[in-house]
Every structure is written in C-alpha cells, then in structure tokens.
Amino acid sequence: MLGLLLRVLPFWVREPLLIVVGTVFGARITYLAVHDQDRVAAVIGAVFLVFTAIRVRLVVRALRARRNPVPAASADGAPTDAVARAWAQAQLAAPAPAPGPAPAGAGLPPGPVTAGKEPNPWGQAVAAVAVFAAIAAAVWLGPDVLPADNDTSTSRAASCSDTEDEELPAVYGKAPRPVTGAELCEALNRPDLARLLGTPTETATSASGTSNTAALTDGKVAQPEAEVRFDTYTVNLSATYNELSTAQYVNLLKIAGTEGEKDLRTLTVLGRPALLSSDPTMKIEISLGDEGSSGPVQQGPLARTLSVALDSKDRGGSYDITVWSESGALPDDGVLLGIAEKILPTIPLRSVR
C-alpha cells in the first residue's frame, strides 16, 4: 500500500514527504542510540539519514534543472533549436500570405502544445510538509505525548482496587484527614514506576495498600502504607503522622550511635528536609505443615529508605519510600529521589498538615 502511494504521488509531494519522514526517524533513532548506547540503533539511524541526504540531493538537482532547462531533442534526436532555425528559414523563403486574419498558431514554431499551467513545485512541497507535520511531531514526541498505558514496558499489571473497601480506623475521620492506604497505592502504582527503578521491561506483580495505625499509639496515630512488587525490586510507601520531626529523628540516631550503621545522608527533597538511611528487612519463616511451626525471626536483605518531611517546616511526620530486593541489590540513591519527586506531588494535599 505504501509503495503504491509513493508511485502515485507527484514528485514534488513524494520527495518532500520522504525527506521529512527520513529526517524525523533518522534523528530520533540516532538520539535514542546515543542515549542508550545502542550500536544497532545507531546504524539504523545512519541509514535513514543517508537515505534522506540522497533524496535532498535529488530534489536540489530537480530544482536546478527547472531553473536552467536543457533544450529538448526532436523525434529523430536533433536538438529542438536546430529545428526551429530551419523552420524560420523556410518561413522567410515562402511567399507572403494574403491579407486576412492569421490562423491560430501562426508565427509559432511547430512543437507540442502545452495545455494548462504546470503545477508549482514549491506549493506542492509546502503542502506535503504541512500535511505530514503532525505525523512527524507525533513520531518525535511519541514517548512523551502518547499514553503510557499503550507501552507494555510501562503498564500497570497489578491493581489497587482490592484496597478501596477497607474499613478505616477512627483516626482517619479526623481533620486534617490522613491519606489512606488506597490513595498511597494509587500514587505509588504508577505506569512508569518500573522505569524509575531502572527495570523498564518489568511489570508489577502485586499492588496493595493498608490504612494502619502506628504501634503503641492506641490507634491515635495514622500510619497508612502501600506496596508494589516487581520481579527485581519491592517498593513500599508509608506515611507517619506523629510529632517527631526529621531533624529530631537524626539527632536520636546520632545519640544512639547508629549513624554509621544506617549510612545516613541528610538532604532536601521538594523543599522539605529529608533523610536517607539503610536498615535490614525482617525475615519470618512460617511452616504450613501439620505441626504449624515457624522458624525464628531473621534479618532479611538490606533496604534503603528515603524519609521526607510532610511539609517544608518539618513540624512532624514523614513520607517513607523504601526499596529492597530478594538478592540484596539496591538501586542508587538517585532512584529513590526520582521516585519521591514523581510520587509525593500526586499525594492528596489534605494529607499534609
């Protein structure tokens, strides 16, 4: 179908169209090849650019030929200007015609008669570029404009719908109302979460959210959390609405002498005080056999947590983003910062005190 269209389209429509498509695809593929260091894509992009350069040269030669036309040959191969000179000499030798109206076409050399005006090549070229400009823009900006749900590498396989009917504790009805586990799950379970983690080909295997309360608070402190699992990493997002500020928490760790063990790093995220720390996860083995015995609690893989204050004044409470993997491998701290910058602005503002 494409080949038929290219054969049917006029030259001054077809060639600008091929130049636009070749330029867009060549530049885009070359850019992605440089960004991802993909040699195969670089070769493909170079092929598109070379193809485009050939079409540009062809159009330039056609334009020059139109501006400086070469005399056409007659039917027997002789130049047209020679035929015209012979015709003029014959006219001079012939007797003068009788007075009267001149017949149509008198005084003109024999030759083909052109019917109508030839289309303007510049107008055709501009029209072709205008028609396909939207297509070129869509191809170039495709990953940023088109919906991410169409991409299997950034789709959400797991749903948070199973957390919507959860009965909320009484503290979630107070003002300012804390964010719920379902809302945290919706914020965390983003289509691009796998890409933010550095594993863009993975899809979420599970997503859940719970509206809990903090331990030893008699249900008076809300502590909702959400968790999204992938094959490589697990991400947990929680919110704690207590009176402990990030600065106070850092001082407590320094007093306890665990600053070095936790690999602490203080920073600012979205204009709020933040803290990076490391802690081992807990591993519990439960047997489902006849005896129903379980093993002792053991240390699991190391987890990295980014704690961000609920507000810029650091008046207490925090959002905590924790990432770990079964293999013990952890992403760079920049990954947690990127997740926080994407997720925290999407959490309902009513949850911020």
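Let me begin with a definition: a patch is made of residues with over 30% relative accessible area and no salt bridge, where like charges are joined within 9 Å and nonpolar side chains (Val, Leu, Ile, Met, Phe, Trp, Tyr) within 5 Å. Lys and Arg count as positive here, Asp and Glu as negative, while His and the chain ends are not counted, and the place of a charge is taken as NZ of Lys, CZ of Arg, CG of Asp or CD of Glu.

This is a predicted model, in which local features need pLDDT of at least 70 and side-chain atom pairs count only at pLDDT 80 or more, whereas totals for chains, interfaces and linings use all residues. Residues are numbered from 1 along each chain as its sequence is written, and side-chain values use heavy atoms, with hydrogens and water left out.

On the surface, Arg57, Arg61, Arg64 and Arg67 gather in a patch of positive charge. Arg57 counts as exposed because its relative accessibility is 60%, where exposed means over 50%, buried under 20% and partly exposed in between, with a 1.4 Å probe and protein chains only.

Turning to salt bridges, meaning a side-chain nitrogen of Lys or Arg within 4 Å of a carboxyl oxygen of Asp or Glu, the structure holds nine. One of them joins Asp279 and Lys262, whose closest N and O atoms are 2.3 Å apart. Asp279 is partly exposed at 28%, but Lys262 counts as buried at 14% relative accessibility.

In another salt bridge, Arg195 meets Asp192 at 3.4 Å, N to O; Arg195 is partly exposed at 46% and Asp192 buried at 13%. Finally, Asp263, Arg265, Arg304 and Asp333 are linked in a salt-bridge network.

Key. Areas by Shrake-Rupley, 256 points an atom, 1.4 Å probe, with all protein chains shown as cover.
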